[in-house]
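Please find below a short note on the structure shown here. The points move from the overall fold to one helix and then to the core.

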Amino acid sequence: MLSRPDLHSTALVTSVRMTKAARLHVCFAGGGTGAWHVERMSAVMGPPLPAVDRVAVREDQNLPVPPGSPWLLRGVTSYERYVQRRERSALVERQPALGRPEATCAALIPIRKSAAWWELTQDERRAIFEERSGHITTGLAYLPAIARDLYHGRDLGEPFDFLTWFEYARASSELFDELIGKLRATEEWAYVEREVDIRLTLHVETS
Ligand code: HEM
């Protein structure tokens, strides 16, 4: 059986990257292969993605993408737009790394925000994101149960502006549902024009 670290080096997103300088390209391939099995997927807003059985995660651009994948979503890590110093300290203190052995559940939630969002200025977006919607404050309360990573697709010309990725133990599934429910009720989410919610479980193949 592959251990989580083995799996990591080939397929999984590896660590929390709040202060990382290097960019990391990632590709999520929906199809018939991959360690992550789809439990359910639904279009929360806007058009759905074709239904698939599995998702393969590739973080090395040179690794082959599984052939015949009905969809491929690409993103790249980037600098933080909204986090302030005291928030970063709180995040760094509390956020767990990805790839914990007990975190066998994941959510891949691709999101596209509206033209109205992108027409706002940076200070207007920050005010909606945190001062009025409390995205970071709310999210912090769910750490360390939930590990997260964020990839940007907008500047790559991708259909989704963001690929959000979360890992948690099965016992924390309801907690994750609670968190996403709170965020969807905020002013920030009024600017979400496309969102697909894909829930996954990790199946490690025996060799
Ligand atoms: C687990 C708790 C969570 C924490 C601690 C958290 C924290 C953060 C932080 C700090 C940022 C800003 C990064 C920056 O400064 O650029 C961010 C961005 C974002 N998060 Fe979360 N988040 C959490 C959960 C979620 C959930 C459940 C979703 C739902 C899909 C989500 C979706 C997003 C999106 C789409 C962005 C990009 C927003 C933008 O740049 O317009 N987050 N999150």
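**Notes on the predicted model**

1. The chain contains six helices and eight strands. The model is a predicted one. Read from the N terminus, the order of elements is α-β-β-β-β-α-β-α-α-α-β-β-α-β.

2. Of the 207 residues in the chain, 27% are classed as buried. Among contacts with a separation of 6 or more, 79% join residues 24 or more positions apart.

3. Helix 6 covers residues 173-184. Its twelve residues, at 1.5 Å a residue, should span 16 Å, and the end C-alpha atoms lie 17 Å apart, so the two values agree.

4. Which residues of helix 6 are buried? They are Phe176, Leu179 and Ile180. Because these residues cover an arc of only 95 degrees around the axis, they lie on the same side of helix 6. An α-helix has 3.6 residues a turn, so residues three or four places apart point the same way. On the other side of helix 6, Glu174, Glu178 and Gly181 are exposed.

5. The buried residues of helix 6 pack against strand 5 (105-113), helix 5 (135-140) and strand 7 (162-168).

6. The largest nonpolar core comprises 35 residues. Those with the most contacts inside this core are Phe28, Val55, Ala106, Leu108, Leu163 and Phe166. Elements that contribute two or more residues to the core include strand 1 (25-31), strand 3 (54-58), strand 5 and helix 6.

7. Leaving aside residues up to four places away in sequence, Leu163 touches Phe28, Leu73, Gly75, Leu108, Pro110, Tyr151 and Gly153.

Definitions and conventions
Residues numbered from 1 in each chain as written. Predicted model: local features only at pLDDT ≥ 70, side-chain atom pairs only at ≥ 80, totals over all residues. Helix = DSSP H or I, 4+ residues; strand = E, 2+ residues; numbered from the N terminus. Buried ≥ 20, exposed ≤ 12 C-beta atoms within 10 Å, placed from the backbone. Contact = placed C-beta atoms within 7 Å. Expected span 1.5 Å × (residues − 1). Arc of directions from axis to C-beta. Core = buried A, V, L, I, M, F, W, Y, C linked by C-beta atoms within 7 Å.
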